[in-house]
Every structure is written in C-alpha cells, then in structure tokens.
Amino acid sequence: MNEAGVGTYSIPAPRAERIELCIFDAGRERRIPLPHVDAGVHWGAVDGLTEGTHYGLRAYGPWAPELGLVFNPNKVLVDPYGHGIDHASALLESMFAHTVDSALRPTQPLERDPHDNADSAIHSVVTRVNPDRFDPALRPRTPLRDTIIYEAHVRGFSKLNPDVPPELRGTYAGLAHEASIAYLRELGITAIELLPIHAALDEVHLTRLGLSNYWGYNTLSFFAPNPRYATQAARDEGPSAVLAEVQDMINALHAAGVEVILDVVYNHTAEGAKDGPCVSFRGLDAREYYWQDSGHLADFTGTGNTLDARSPYVVDLVMRSLRFWANTVGVDGFRFDLATTLARGEHGFDAQHPLLTAMRTDPALAGIKLVAEPWDVGSFGWQTGNFPAGMSEWNDSYRDDIRGFWLSSTRELSENGAPQHPYIRDLATRFAGSADIFRRADPHDLPEGRSMRSPLASINFVTAHDGFTLTDLTTYNDKHNLANGEDGRDGTENNRSFHHGTEGPDAALEAVRDRSARNLLATLLTSAGVPMITAGDERLRTQEGNNNAYCHDGPLTWLSWDSSERIERHLAFTKAAIAARRALSSLRPSTFFDDASLEDREPGGIRWLKGDASAMSHADWFNPERRHLSIAIPNHDGLTIVVMSNEQGPREVRLPASAWGAGPLSIALDSSLGGARLDRANESLHLDGPTVVVVQSDGWRSPASRDESADNLPAHPDKL
C-alpha cells in the first residue's frame, strides 16, 4: 500500500464465497469487492486506505453452525493483520453473528442476526508503521545466563506510583518514565516480561458480571497494541500514536539495559466458544482458523476455542506477528501462553511441529528469546521438558518443589509432626537446573557429558501472575476467590502454601512469614537456570488470598508503592540477592553440573553435603526429615558454598573450606538478615533458624598450602 492508500489487499478465507473491504468515512461506508481468489486467499486492488482510515471486512458464505460455518455479512470484522483498532470496547449484542438477548445469551438453535453493526463494531484503522522509530542499536542483547526476568503488567506497574505523572500512570509511557526505569535498574533486573499487550476483549461471563479481563489473555488482534494502555493523548491522536508510544517505551527500556519480553496468546482468540462473539476470525472462516471436529470447536485452552496451528494460514499469521513485534516494535523475546497448543498436530504434541520449527529457524528471529508455557488443558497437555533446543520453558516443577521444601514440609511438620515427603531430593534437583526434565529428550548417541539443552532451558519461578503472590504464599493455606464471581470454584487448589499458624494477616507472624518469603527468593536467585520474579513480590504485595485475580483491574492487582520499614527491609534483601547472583558466576552455570573435583577447580562441578560437611548418602536423599543441605560449587574465582536449612532451631554448619584449599570466607547473602554468624577460625556457620546463606571464598590458596585433610573429603553421592 502506498502513501496515497492505493495498492493490493489480501486476506485468507478459503470457505468464504466473497469478501468486501469496507471503508468508513464520516458515517458513510464504501465497499470494495475482492474479486480474486487464489489458494484460498481473497485479493484485489483497493484505494482510500490512507493513514487514519477506518475500515473492516464483510464475509459472505453459508450459515451452518452445525458445520462450524457462521458467515454473516451484516457484521464488520477486524482485519487480523491490522496494526491498529479504533477503540477497545466492552462486548455488545451487535458483536455476535447470531441473535442474543441483553445478557448476551443466544437463541437456540443459533440464528443469523439480521442487524448491521457498522456503527458499533470495532474498526481496524490504517496505522503508520515506522520501523525507524525503533532503534536496534539500543538492544541490550543480554545472554540468558545473565538474565533476570521481572513479570509485570503495563497498567498495574505504574498505576499507583506517585513518582510518575498522573497522566502517564498505568500506560506504556508510564513504564518508560524515568521513575519506573530507575526502579527497575536499582532492583537489578535485566528483562521485563509484560503480560499481553495485544488488543483484547472481555469474556462473555465477565461482561455479565460487570468485571473485566485485566490480565489480557483474550486476544482480538495479534498486531495491534492494546489502546487501553496508551496515554489519553496517544489515544486521542489515534492508533499510529499508540504504536509509537509502545516503540518509545521499548527504546527507553533498552537504553537502560532492560530487555522486553512479551507474553503472547496465539493459542486462542477472544471469540470464545460457539456462542461467543464474531469480531474477526470466526466471521472470516471459522473452520480454517479454529480447530474443529465435525463442526465442534476443539478446546485445548479452556477458553472455548483453539487456533488451529495445522493451518498454514495460522502459521503464517503467527510468524508475521512475531516478526513485526521483534523487528518493527523492538521486543527481545516472547513467552508463549499454553504453548503445547501451538505444537499440536493430528497425533498430539509434536516437538518438531512446523510452527515451532519456523520460530527457531527464522533468521528474522535470530537472537530473540523464546519461552514456552509448556502445557495446555487438552489430553497429554503437560509437556515440560519436551520442547526443542533453542526454547526455554516455564518450569512448574521448580515452583512446586521449592515451595514444597520451604512451605509444604513446614506445614506438614506443624500439622503432622513430621514432613511426609523427601523434599531435600527435589530441592537439590531443581537447584541444579532440573536435568531430569531437560535432558530426558536427549538423543541416546550424544557424546558423553553433552546435552542438547542446558539449565538455561529452565525459567525458574516460585510465583507468577496466576496463583498466590509471594506474601500470600506465606499468609494463606487456602485460596479466597469469591470476588471473582464463580463461588470460589476458580483457581488452583494446589498452592503448596503455609500460613504459619493463622489464616490471613497477623502482625505477630510477620517476622516468620517474611523470613520464609526471603528463603524462597534466595533459593530462586541462587539456582541454576533463569530466575523470574513477579512484580510486587519484592514489595510484599498481597492479593488478599486471591490466587486467580485475572478479572480485577484495581488496587487488588496493581503494584502498591506504599512504604514501611518492613517493605523496605524486604526490598533491600531482594536487591542484595539479585546483586549476589550477578556477582557470582558460580550461580549462573550454562551447562549442567558434574561431580566437583578437589584437584580441578574448573567451573561446572558441584558437591552435596550435610551439615557436618560429610557427603549426602543415598538414604539421606530419601529421608523426609532431612531439611538441611550444603552445596559446594568451585569456580575460578573461589569456592561458593550455598547453605539451605529449614530446621526450626539454631544449628551449627561445618564448611568444607580447608579441604578445598579455599581462600578466606565471607557471607555474600544471608536470608536471616544477620542471624547467620560465620566463624572463620573454625570454618563453621551458626544459624538461628530457617535460612539460606551464600558463603564465598576470596579466591584460592596456593596448592602447596592446601590442608592435608583434603583427601578425607567424602566422595560425591550418587547423581540425582
């Protein structure tokens, strides 16, 4: 399309009898037929598509809901490839291809709605796409090994920040404001992972309840930014200004050394189940874009529909969208929501699915971080560890097992007198990078010691946008979701949380709860893999026990910037833990650990020890009552010892420094905030309760001065 708005327009819709491009100007509509159809793609010469022009599509074809076809030319459809929309609307009766009542309930059987919705439809808008506005020279290009992810919501992050001007709060520009960027830099994160910013709609049931989809996992357009997150000035100016605001946000973050990862939802759309709205794909060709079985929508996503990645048109749509956001807008990575769905073929999940292969091999996406949420709700949907090399994955086993060691075991001790599971084994496996998960798909004939993947395939997290916040993990045993309007049925029951004695806030328990929160954070930031922190966890944010707050756009989900001595103490610890990780390369391995050798101080080795510095035995790994682990990691710059103790009382820990020839020891991180005392003379550590301590040696002593007791250090236990 040239600047005069003249060119060729095309749209895939194999089953549509004909397509019209509709241009709207001052209340008038001009329809331009697309007379040609090649390989299922309708196309034709068009004019009048200058910047700012409102337009849409009308599709003609059979009305046969029982066959999955719901063509209704009375409905104006959003261009799936358009870069802007005129507004973000609540659902209206006119947005349905079938007749609905005022509560958006359909008549049965579904009947084609005869009312034209040109005046109330969401229109696509011709948007100026300026690739030069994004400055690729500013890309931080942070290696995965050094990446620390901060998961946040554009609106929620700055909405309450008093240091951001009121007109910018809760917007793309608010995230780009110097106060926001200074906070992120001081915290020490290297990448911000944004919940979806694609244009989205609310679900039918939320509209009935008067709620909204705050998280945004209900995409209307995979190319258009959500105008709700733009400043009023940009919205007034139009979609070109909205897109420019997003590009400016990314440039500002890049200039500060912060990468941007987008959470993208290519597994389903906002059109819902068969009785949902008809705003784009459904009206164009529902059988092409959606996975159907004999006219029935497949639902691997729990939303009522599934985009069909078996279709080459869907693969093309996704790839064009990824290239646009990476190379024109400037994002540095993508987190694929319910990624198992994107890799489903006729026989289920396929790690070599054409879409995954295209993502990993497209030169336009070289260097872009690709992160899978490795599950969906369909049969055999849990696929953690099964995605191909070149992709990282959210590691839900890490989340569950780290919570298990610090919270579930303590809860079981409190309620049953003893832990019921050998959590120490799981703690060690997750700390070391989850080789059991990410090496299991390796070809059997690889050279010894080699793997197709590494700990960097594991995105480690203990909380995320869905589920309890870090504070709520230590404050509630049970979810409290009544405000979501589903009588508490929504949200997981598998929280692995512990309230430490009383359900809900209790000032008398704040100290022990905060200590547990610090232990969880410290474990996350010392583990092999890529850590992800949820926005607000560094400030003790609470959702009052709601573990599925997707439908609340308000203070419950926004980041609170209130300050107190308690919050500042926790924030300072978070910064210290991040700084320790960045300072110690031993905590950021790029290969899976092997047995550490006293004679070889090369990186990559590890030893598992008990509190007396003797080796863990096979029986120790399976002892539910063992709640202490010392971990020795040699490196060029010295010996790192990570001590994790969930024993409730004081204890003394022997440190294996002399045996390794380590230099003088010092504490690099202490989750007890001073409760850990290092006795250098006796090479021991005194703990006053559950604690994570990182002890680091100042280099190595010369080989000649190594302690003769080195040969007495117990051998490495059996590999986990």
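Reader: Why is L104 called buried?

Author: Buried means under 20% relative accessible area, exposed over 50%, and partly exposed in between (1.4 Å probe, protein chains only). L104 has a relative accessible area of 5%, so L104 is buried. Before we go on: this is a predicted model, in which local features need pLDDT of at least 70 and side-chain atom pairs count only at pLDDT 80 or more, while totals for chains, interfaces and linings use all residues. Residues are numbered from 1 along each chain as its sequence is written, and side-chain values use heavy atoms, with hydrogens and water left out.

Reader: What makes the phi of L104 worth a remark?

Author: Most residues other than glycine have a negative phi, and most peptide bonds are trans. For L104, phi is positive, near 65°, and the residue is not a glycine. L104 sits in the loop between β8 and β9. Helices here (H or I, at least four residues) and strands (E, at least two) are DSSP runs, numbered from the N terminus.

Reader: Which residues does a cis peptide bond join, and what is omega?

Author: The bond joins Q108 and P109, with omega at about -5°. P109 belongs to the loop between β8 (69-70) and β9 (124-125).

Reader: Is A88 buried, exposed or partly exposed?

Author: A88 has a relative accessible area of 27%, so A88 counts as partly exposed. A88 is in the loop between β8 and β9. Not counting residues up to four places away in sequence, A88 touches N226, P227 and R228, where contact means heavy atoms within 4.5 Å. A88 and N226 are 138 residues apart in sequence, with their C-alpha atoms 7.4 Å apart.

Reader: How do you know that L338 is buried?

Author: The relative accessible area of L338 is 11%, so the label buried applies. L338 has a positive phi of about 45° although it is not a glycine, and its place is the loop between β15 (333-336) and α9 (339-342).

Reader: What is the relative accessible area of A632, and which residues does A632 contact?

Author: A632 has a value of 0%, so A632 is buried. This residue is found in strand β24 (residues 628-635). Leaving aside neighbours within four places in sequence, A632 is in contact with G605, I606, R607, L609, L639, T640 and W660. R607 lies 25 residues from A632 in sequence and 5.0 Å away, C-alpha to C-alpha.

Reader: Why is helix α7 described as largely enclosed?

Author: Eight of the nine residues of α7 (residues 281-289) are buried, so the helix is largely enclosed by the rest of the structure. Among the buried ones are F281, R282, D285 and Y289. Helix α12 (residues 423-431) is mostly covered, with eight of its nine residues buried; these include Y423, D426, R430 and F431. After α12 comes G433, whose phi is positive, near 110°.

Reader: How do helices α6 and α8 meet?

Author: Two packed helices are described by the angle between their axes and the distance between the axes. The axes of α6 (residues 239-255) and α8 (residues 312-329) come within 10 Å and cross at roughly 65°. These axes are lines fitted to C-alpha atoms, for helices over the stretch in contact, with angles from 0 to 180 degrees between N-to-C directions. L243, V246, Q247 and I250 of α6 meet F324, W325, T328 and V329 of α8.

Reader: Which residues touch the most other members of the largest nonpolar core?

Author: They are Y150, I192, F334, F336, M359 and W608, in a core of 139 residues. A nonpolar core is a set of buried Ala, Val, Leu, Ile, Met, Phe, Trp, Tyr and Cys residues joined through side-chain atoms within 4.5 Å.
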